[in-house]
Amino acid sequence: MSQQEIKVLLFKNFEFYQDDELVLPSAWPRRKVQSLFKILVAGRGQTYTQDQLIEWLFSELDPAKARQNLYNRISELRQFLEPKRDKRAPSKFILRAGDHEYSFSKEAPCWIDTEVFMDLSKSGHEMKQSQHWGPALECFEQALDLYQDDFLLDDLYEDWSQPYRQYFQKQFLKVLQSVAECHFHMGAYGNAAEAYEQAIEKSPTDEALYRCLMEAHALAGSNSKAVEVYQSCVQTLKKHFDIEPNEETVSLYLRIKNEDLVTPERAVYHNLPVAPTAFIGRKKELQSLDQLIGSQKNRLLTLVGPGGIGKTRLAIQAATSSLSKFDEGVYFVDLTTIDNPDLGVNLLASVVSFTFKGKQDPLLQLAEYLQGKKILLILDNFEHVIESALTFSKLLEQVPTLHILATSRIRLQLKGEVTFEVSGLGVGEDNAIATDQQEALQLCADCIKRVDSTFTITHHSSPYLKKISALVQGMPLAIELAMAWIRLLPIEEIAHEIESSAGFLESDFRDLPQRHQSLQAVFQSSWSLLSSNEKEGFARLSVFRGGVTREAAKDIADIDLAALSALVNNSLLKRTNANRFEIHELLRQFAEMRLEENEKTNLRKRHLTYFQKLVTSAEAQKQSTEQKQWLDKLDADYDNLRAALGWTIKQHLAEEALSLACALGWYWNTRGLFKEGNDWIDQSLKLDENELSHLYAQGVLWKGTLNLYQGIYDVAQACIEKSFSIYKENEDADGQARALNGLGLINHFQGDFPTALKFQEKSFVIRKTLGNKIDLAETYNNLAIIHHYQGEYSKAKKFHQQSYAIRKEVGDLNGIARSLGNLANIALDQGDIELAQKNYLASLEIGREIGDQRIITTSLGNLGEVFRSQKQYDKAKSYFKEKLTLDENMRDRKAEASSHHSLGNVLRNLDDIELAFDHYQDSLRMADEIGDKRMVLKNIMVYIKTIENHASASVLFGAYQTHHKQLEAGHSPDELKEIKKTKTHFVKSLGKDRFKQAYEKGAKLSWKKMVDTVLIPSD
C-alpha cells in the first residue's frame, strides 16, 4: 500500500490497518473516535448531519456539550488518520459537506471489505446475467471469502449498525444462491447442493430454496436426500407458519419420487471475454444479428467497419445472446496474437483444444475433428490474416456444421460471405437529454461515471456531450478516449479540443492494446493496409464533407469506381442507400493530414467550382416542377456547401462568397434556416467592399428577408431599404420590385396594411411592366393577403386565383401550396370549412413533399384552427404543438408568437386555464419584442374578455380600440362581432356612464402602459 493508505475490515469484528500494519484498539485516541470512524467509513460517500452523529454517539449529553464533544472527536479522528497533516489543510479522509455535515471521502485511498464484497457481487451478477457462469462463480466465491461473518459483531447492539447488518445478510444470501445457480447451470449438482444447504441455514423458511436443493440432490443421483429435504421443508413450514408446502413444491417432490425429473440442458461452453465495462445500446444491430447468426444460409458473417467502431464488443454481445444455438460451444479467437497468416489454423486448433498428429494436412485434421460439431468461431481482427481467407473458406466447406463470425476492417471477399456494416452509436436528436437513439450520449455518461460515480447528464453538460458524440459520429473508442480526459478538463474544453484536432483523442489506459491507445494509431494501422494509389485517393477525398457522389468524386478528386470500391472494402468509405459514399469525420481528418498544402488548395478550388455549378442549377429550378429534386440535392450536399462557403470566407474571396450565399438564399428561406442563412450572408457582406454593386444589393436584400422571417423587423427594414436605394441608383427595376415587395411584407407582418398595400402596388406596377410571371404571382399573392385582412374577400379571392393560375402553369410547387393555403383562409372566414380543410391538407402535403418548413408550419396552424372551430380540441392541440416546435427550430419568432396564442386558445377550450395563460403571456411578450402589434392586440383582447372586474376590463378595452385604429388595420367580420358583443356586455354591467368613463381613461393609455397592464414580468 502507498503511504497513508488504510485498510478496514467490517465483516465479523472491526480491524483497522494503516500502512499494512494492524492498529490495535489501544492505539485509538478514544473509543468514541473509533465509533465515529466506523459510522463514517461504513457509509463512505454518504453525508451525515451533526444531529445524526450526536444521536448515535452522545445522546445522553445536553445539546451544547454533545456538539462540542462531536467537534473534538472529529478533530481527533482527522489527526489520527493523518498525523502529519497541517491542521489548517483539509483532510483527505473526513470531509465537511456543509456547515454541520460530514462524510468519509469516496476518493480517499482506503480498502474496505464491504465495498470490495459489493463490487465482486455486482460483477458476478452481471456475468451471470450474460451466462458467463465460470467467471461469475469466481467473483461470487471471492466475495464469500470476504464475508467472515455478519457486519460488525462487536457493535451488535448499536442502532446505526443494524440496518447495515440486515442489508449485508441479504446480500450474502443472494451471493450464496448465485453460487448454487452457477454450479447448477454448469452441471456441478453436488456443489450446487452444498451452496443451497448453506443458504437454507441462513434462511430456513424460504420454501423456494428447499425446491432448489431437492432438484440439485436428485440430479446429482441422490433421490433419497431429495426426499429428506422435502420432509424437512414440511416440518419447517408446519412449525413456523402452520402451513403445508405449496403446489409447486409438492409437484417437484412427486416427480422426484417417481423418477420423472428431466435433466436440464447443460450450459454451452464458451471462452468469450468478459468485458470490464457495460455494453451500451446497439438494440437494432443485435436484433438483426440474432436473425443471422446460426442460420445455415449465413455461415460466414463478417462485421465490417473502421477501427474503433465497436465490432469486437458487438460480436461478443451477439454471440452471448446466441449461445443456445451452438451445442458444442462458442470460441473466441483473437487473430492479433499472430504475425503470420499461416499460423491461423494452429491458433484455431489450440483454442478448440485440438492437437495435430502426424504429417497429414493440419487443415484436414482440424476439419475431421470439427465434423458434426455445431460450433461458432469468432475470428476477431481478421484483417491481420486476410491472406488466409481461402483457408477458412475451405474449412467451412468441409465442416457443414461450422459457423464463423468474423470482425474485420476489410471485407473477406469470399463467395459465401455475408457482410454486416457496423457504424457509430446513435447520436439522436437535439431535443432530448437521453433516448434509445442517443446511445452515444449514454456511453459518454457511462464513461464519466467510472471517474465520478455521482455524475448525471444535466442541461449544462448535455449540449457538450451531444457535440462530442456528433463530432466523433458515435465512434465508441473515440468516446472512451475523449471521456478519459474528464479527470483533467471540463466537458466544454474536451469538445473544443476534439473540434480543433482529432489527434487529441489518446489515452494511457493500461488495459487497451497499443493499437487502441490513440485514434491516430488505429487509423494508421488501416492506412498501412492500402496501396499507394488508394492512399492518394483516400487523402483527396478528405476535401468532401458529409459524403460524396460518384460523379463528384471523379470530377473533383479524380477517384474512379474501382478506387471507391477498394476504399469501401477497407471500411474507409461507406456506401449509403442514397448512392453516396460517406467518410467518417475522424477518418477524414486523418486523411486530410496526408495532403500537401498546395494540393489541398487545388482541391478546394475544384470543390468550390463544382458546388457553385450545383447551386446555380438548383436556383434556376427553384420555382419549377423539379424544385423538390433540386432541394433534395442541396440537402444531400449541404455539408459540402457549408465547407465551400466557409473556405471562400476564410480565403477572403468576396465575390465568390457572396454570389454563393445569395444563390442559397431561397434554399435557406425554404428550409427555414433563417438564422444560419443570415450568418453566412452577413460574413460574406463584410468581405465585399463594393457596396454599390448589384451583388451587394442582392446580399443585403437577402439579409433583410431572412431577418424578416425571424421577426427582427428593424434590421430587416434597414437592409431592404438599403437594397432598394442601391437598385434605384443602378436603375435595376427588377431589384427595386423585389425590395418594394420586401418592404410591403415588413409592414404587412406588423399589421400596417395600408402602408403594406402601397409598397405591394408599387412592386406590382414594375413587375407587370417586366412581365415576369413568377414575380407577378408573388405580388398577386401578397396583395390578396392584405385585402383579406381588411375584410375585402372578393378582391382577395380574385388575386389569389390569379396567383394560383400562374403558379400552376409554371409548376411552382411552393407557390401552389401557398396559394392553396391562402384560398383556404378565405373559405374558412366565409364559413366553408370543408373546402378550407381540403385545401389546407393539400398545402400541407405539398409542403412536406418538398420540405418547405414555412408552408408546413402555416398549414399546421391553419388545420389547428379548423379542428378547433369543429370543437375537435385534442386534434387541434396536436397540430398547434407540432407547429410551435417547428417554429422554435426555425427561430421564427413571429410564428412562435402566433403558435403560443393558438395553443392558449385551444387549452382554454380544454379548461386548462393556467397553462393557456402561460402561452398567452409568451405570445404577448414575444409579439411586443418583435413589434408585431396585431398579435399583441389579439392577446390583449383575450385579457379584456377574461378580467372579472369589468371597470378595469373597460379601461383596457378603450386602449385596445384606440391603438387598433392607429394601426389602420381592419377587423374581420368575426372580430367585429366579438368587439360589439364585448362592448354591449360591459355597458350592461357598468351602465353607459361608468363604461364611457372607463373607456375614455383607457383611450389615453400609451402602448407600453397598455401592454404592461397585463404582461407579467419574466424572471
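**Briefing: strands, aromatic pairs and a buried serine**

In the hairpin formed by S1 and S2, five residues lie between the strands, and Lys 12 adopts a positive phi near 70°. The model described here is predicted.

- Strand S1 (residues 6-9) and strand S2 (residues 15-18) run antiparallel and are joined by four bridges.
- Within this pairing, Leu 9 stands opposite Glu 15 of S2.
- S2 also pairs with S3, in the antiparallel sense, over two bridges.
- Here Gln 18 stands opposite Glu 21 of S3.
- The hairpin of S2 and S3 has two residues between the strands, and Asp 19 takes a positive phi near 55° in it.

**The open sheet and its helices**

- Three strands form an open sheet in the order S4-S6-S5, and their pairing is antiparallel.
- Strand S4 (48-49) and strand S5 (94-98) are at the edges with a single partner strand each, so one side of each has no neighbour in the sheet.
- S5 and strand S6 (residues 101-104) run antiparallel and are joined by four bridges.
- Leu 95 stands opposite Ser 103 in S6.
- Helix H1 (residues 31-42) packs on the sheet and touches S4, S5 and S6. The direction of H1 makes about 75° with that of S6.
- Helix H3 (residues 63-81) also packs on the sheet, where it touches S5 and S6. The direction of H3 makes about 140° with that of S5.

**Aromatic pairs and a cluster**

- The whole structure contains 42 aromatic pairs.
- In one of them, the ring centres of Trp 28 and Phe 80 are 4.3 Å apart and the planes are at 35°; the pair is therefore tilted, since only planes under 30 degrees apart count as stacked and those over 60 as edge-to-face.
- Trp 28 lies in the loop between strand S3 (21-22) and H1, while Phe 80 lies in helix H3, so the pair ties together parts that are 52 residues apart in sequence.
- Both Trp 28 and Phe 80 are buried.
- Tyr 230 and Tyr 253 form a stacked pair, with 3.9 Å from centre to centre and 10° between the planes.
- This pair links distant parts of the chain, with Tyr 230 in helix H9 (residues 223-241) and Tyr 253 in helix H10 (residues 247-257), 23 residues apart.
- Tyr 230 is buried at a relative accessible area of 12%, and Tyr 253 is buried at 16%.
- One aromatic cluster includes Phe 11, Phe 117, Tyr 147, Phe 151 and Trp 160. Tyr 164, Tyr 167, Phe 168 and Phe 172 also belong to this cluster.

**Charges over rings**

- Lys 374 places its charged end over the ring of Phe 326, 5.9 Å from the ring centre.
- Arg 594 lies over the face of Phe 590, at 3.7 Å from the centre of that ring.

- Ser 693 is located in the loop between helix H30 (674-687) and helix H31 (694-708).
- The relative accessible area of Ser 693 is 14%, so the residue is buried, the limit being under 20%.
- A polar atom of the Ser 693 side chain lies 3.0 Å from the backbone nitrogen of Tyr 696.
- Apart from neighbours within four places in sequence, Ser 693 is in contact with Asp 688, Ile 726 and Asn 730.

Terms used. Residues numbered from 1 in each chain as written. Predicted model: local features only at pLDDT ≥ 70, side-chain atom pairs only at ≥ 80, totals over all residues. Heavy atoms only, no water. Pairing = 2+ DSSP bridges. Contact = heavy atoms within 4.5 Å. Axes fitted to C-alpha atoms, helices over the stretch in contact; angles between N-to-C directions. Phe/Tyr/Trp six-rings, centres within 6.5 Å; stacked < 30°, edge-to-face > 60°. Buried < 20%, exposed > 50% of the residue type's maximum accessible area, 1.4 Å probe, protein only. Lys NZ or Arg CZ within 6 Å of the ring centre and 35° of its normal. Polar contact = N/O pair within 3.5 Å; in protein donor to acceptor, adjacent residues only side chain to side chain.
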